[in-house]
Amino acid sequence: MGRNKGTNRANMTEENTEIGYLSVGANRHTAVADWGRDGLVAFGTDSNIALWWPHHHGSQPRGVTRVLSGHKDSVKAIKFLSRSEGDGRQTYLLSGADDHCLKIWAFCPDSDAVTCIQTVQEHTAAINVIATLYERGKGSSLTTIFATGAADASVKIWAFDGKEARVLQTISPKPKFFPLALALSRLDEDGEALVLAAAGTRDIVQIFVAESIVEPDFQLQATLTGHEGWIRSLDFTWEKEKKEGEEGSAESDLLLASASQDKYIRLWRLHKGSELPAAMVNGADPSLGAYLPGKSPSNKAHRLKAAEKDFTVMFEALLLGHDDWIYSAKWYMNLETGSPRLLSTSADNTLAIWEADPSSGIWVTNVRLGEISREKGATTATGSTGGFWTGLWSPDGTSVTCLGRSGSWRVWGYHKEEDQWKPQIGVSGHTRSVTGIAWAKNGDYLLSTSSDQTTRLHGSWKHNNTWHEMARPQIHGYDLNCIDSLGGSQFVSGADEKLMRVFDEPKAVAKLLNRLCDINIGDSGTAIEAMPDAANMPVLGLSNKAVEAVDDGVEINASAVIPETDREALDQGTTVRKSALEIDHPPFEDSLSRHTLWPETEKLYGHGYEISCLAVSHAGDLVASACKASSVNHAVIRVFETQRWTEVKPPLTAHSLTVTRLRFSPDDRYLLSVGRDRQWAVFQREQGAKPGGEDNDRNANAQDTQPSYKLLQANPKGHTRMILDAAWAPTTDSSPVFATAGRDKTVRIWRRGETDITCTSTITETHSATAIDFLPCPNKDGRFVLAVGTEAGKISIHSLDSTTLAVVSSFTLKPGLCLAKTVLQLAWRPRTASNELAVAGDDGSLRVYRIVEKES
């Protein structure tokens, strides 16, 4: 974004708003994502659907490009649907959620537009899984068949004609179970018969057969037993690749993979004809049952009948190799060998690719990716435990992606020259509401904190000007509520605990940000040598400890640590090696969760309840904070100085209920507080007051200059409902201006006159105003620019005349850029020519929008 020149009047409109960055974390469900034929990945994130191009036409990774809103609750199931329409293929997206609704989205081929063409609520509970008809080549049918399974213990069969979907059949499985996995395919490639496999909260797989694709009527024909746990994933594939023009090649068997919580994958063969496959007639290896766990595999043949044709279903193979629940199993036809490959993801933090050995036919793992080493993180906080929730093949089979516990996607790509799978840049984001955001004081990077108990640092990669998560400074055991930056290499955060924690940037992260984002190392006062190497988290603790990085050759003895006796023992899985962050790309997920922690240097005590908000002065010399409160005693504002990290006594009193926001004025002369008791209070800075007693002689010189604040004015009736946010305007004269946002659906602008502070103008919103922020400097016309976010997720930008404070112009961001849930915080980026607005949402999304001023 270059700076506009000229003297013409500048204006901001919704057309000038661009998405700079979208950061979202995926919901943790097996069916939550799908990788479409054109290379687009869609996944559910809270009640939204995120669209992500892992490899966009060979260009650099762009991350999530847009978010689709519409569902009212968490999205659980996503599936692309491709139809032949006219001359080409039309792509649709099916989504199911906890709000019981199925939505159908249409992609416009000529533009990037995605529209919801139908919302239908036939299920009476959350939709867990969607299966589309697995067909090779082009489907010729006019209607497209798909199935949905929901927590109302039913499977519904749908027909979609390109305009709307209708229910053809409802199946209630007997014995009753909740479907967690469905797979749908043609039974043979020439006929019309369909086969549906359904499984879930029992250890059986039910096979339903329908005679015709036109008006399918599925009947239960076989129940496959053998698993000893819930079944999480089902997938069909043809065993042999269909080659054009070859006789007899169509007689390929159908393979079904079922992945279960019993740690095994079973393969089943659906064979055409009543004769058994040759391998089964000859008899399996007699030693097969000797060493297999659990019950020995049953070789019973199940008979299916459809349209006068006979089929048999038999157990084919048991895949052993994972040592925890298996969440997903997905087929891909390997075009080079003409044989199918299976991708499985498990809670043991590994992802495996299985292929049948050409000579013996035994299924073996060719590739194993993920966290295989014994240096697994011992704490769940580091994201290392919790496993992978789903795995996807790219359309060409050269990439795989999987979803981890922390809501982030890891990607691996196959390099043919080296015959190796290598990690690539994925996407990551918060998995719960983003409760606080703060730009570094110089605007270099953005910090965000969330109810998912993490603090994340986001920066712009200079290589291609794309935003990425660059570090995860804090992984905590409490939900985090608020954050602010203390200079370029320090921040303070508050959580659902009584203290605040101060963190210092480690050497490894400083060098990484310098290399990738051109961020100067440390402030002028912080030398790189003085920084700690890295940080690590004690196995049973909450405080990140500074540690020295170890050389690559050093052996780590993990067995020597006994967490029960040594509470300060460091987590061996997160030991930082010196080479860990010497990289030329944004860190991958395993590095983010292990090697980018910031050491905690101070704790600030004093409050009696959970911290609700905090603010750091612009000079960085003071931290003001407040906690949840229902009485005057607890609703105090405590101010800490950052030289010796002591509290400046006495605390500031004005409120009787929780303080919701604290803001220092641009020159730090005033401190503004707003609260749930509907009042705002302004405190004025006093220099030279001695808050301590006479016995503090040795600190007298320091305390002479220690600043303190005293109440200038409070307005107990600032709004008619609770006040949720406040912001100072960038005024340069002696009459400061601030704005307050309330649940009474108004934003009020206040100015200090000669005698007192009065309301000069009011902006009315359609919903509760929950977040506001002023652009740090007036725009090119000398006007104040105020961003307002509401409970409904709407974001509007207002230009105010700097003398009269009247609203001169306003616009609302396009619906596609607004949030599905409450806007929790807004923050303009300081010290930058482009107008960049960071948005924290209750829907777990963090966004950076560029709002360009254009000359009119």
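## Glutamine 206 and its surroundings

Leaving out residues up to four places away in sequence, glutamine 206 touches Pro173, Lys174, Pro175, Phe177, Leu196, Ala197, Ala198, Leu220, Ala222 and Thr223. This is a predicted model. Glutamine 206 belongs to strand S17, which covers residues 205–210. With a relative accessible area of 0%, glutamine 206 is buried, and a polar atom of its side chain lies 2.8 Å from the backbone oxygen of lysine 174.

Lysine 174 is also one end of a cis peptide bond: the bond joins it to proline 175, with omega about -5°. Proline 175 sits in the loop between strand S14 (165–171) and strand S15 (179–186). Both lysine 174 and proline 175 are among the residues that glutamine 206 touches.

## Nonpolar cores

The largest nonpolar core has 35 residues. Phe146, Ile157, Leu182, Leu196 and Phe218 have the most contacts inside this core. Apart from it lies another core, of 26 residues, which includes Ala199, Val209, Leu254 and Leu256.

Leucine 196 is in contact with Ala147, Val155, Ile157, Ile171, Leu182, Ala183, Leu184, Gln206, Ile207, Phe208 and Phe218, leaving aside its neighbours within four places in sequence.

## Helix H3 and the strands it packs against

Helix H3 spans residues 507–517, and its buried residues are Lys507, Val509, Ala510, Leu512, Leu513, Leu516 and Cys517. These buried residues pack against strand S34 (454–461) and strand S35 (466–475). Just after H3, aspartate 518 takes a positive phi of about 60°.

The loop between S34 and S35 contains asparagine 465. Phi of asparagine 465 is likewise positive, near 55°. Asparagine 465 is exposed, with a relative accessible area of 55%.

## Sheet S36-S37-S38-S41

Four strands make up an open sheet with the order S36-S37-S38-S41 and antiparallel pairing. Strand S36 (480–485) and strand S41 (600–604) are at the edges; each has a single partner strand, so one side of each has no neighbour in the sheet. From one strand to the next, the twist averages 20°.

Strand S38 (residues 500–504) and S41 run antiparallel and are joined by four bridges. In this pairing, phenylalanine 503 stands opposite glutamate 600 in S41.

## Sheet S2-S60-S59-S58

A further open sheet of four strands, also paired in the antiparallel sense, has the order S2-S60-S59-S58. Its edge strands are strand S2 (17–23) and strand S58 (823–828), each of which pairs on one side only. The twist in this sheet averages 20° from one strand to the next. S2 and S60 run antiparallel and are joined by six bridges; tyrosine 849 in S60 is the bridge partner of isoleucine 19.

The loop between strand S59 (836–841) and strand S60 (846–851) holds aspartate 842. Aspartate 842 is partly exposed, with a relative accessible area of 29%. Not counting residues up to four places away in sequence, aspartate 842 touches Ser433, Lys821, Thr822 and Leu824. The C-alpha atom of aspartate 842 is separated by 5.3 Å from that of threonine 822, a residue 20 places away along the chain.

## Hairpin S56-S57

Strand S56 (residues 795–800) and strand S57 (residues 807–812) pair antiparallel over five bridges. Isoleucine 797 stands opposite phenylalanine 811 in S57. The two strands form a hairpin with six residues between them, and leucine 805 in the turn has a positive phi of about 65°.

## Further backbone features

Most residues other than glycine have a negative phi, and most peptide bonds are trans. Asparagine 349 has a positive phi of about 70° although it is not a glycine. This residue is found in the loop between strand S25 (339–346) and strand S26 (350–356). Asparagine 349 is buried, with a relative accessible area of 4%, whereas asparagine 465 is exposed.

The peptide bond from lysine 649 to proline 650 is cis, with omega near -5°. Proline 650 lies in strand S45 (residues 646–652).

## Cysteines

The structure holds zero disulfides. For cysteine 613, the nearest cysteine sulfur is that of cysteine 482, 6.5 Å away; a disulfide would need the two sulfur atoms within 2.5 Å. Cysteine 613 counts as buried because its relative accessibility is 3%. Cysteine 777, at 44% relative accessibility, counts as partly exposed.

How values were computed:
Residues numbered from 1 in each chain as written. Predicted model: local features only at pLDDT ≥ 70, side-chain atom pairs only at ≥ 80, totals over all residues. Heavy atoms only, no water. Buried < 20%, exposed > 50% of the residue type's maximum accessible area, 1.4 Å probe, protein only. Contact = heavy atoms within 4.5 Å. Pairing = 2+ DSSP bridges. Axes fitted to C-alpha atoms, helices over the stretch in contact; angles between N-to-C directions. Core = buried A, V, L, I, M, F, W, Y, C linked by side-chain atoms within 4.5 Å. Polar contact = N/O pair within 3.5 Å; in protein donor to acceptor, adjacent residues only side chain to side chain.
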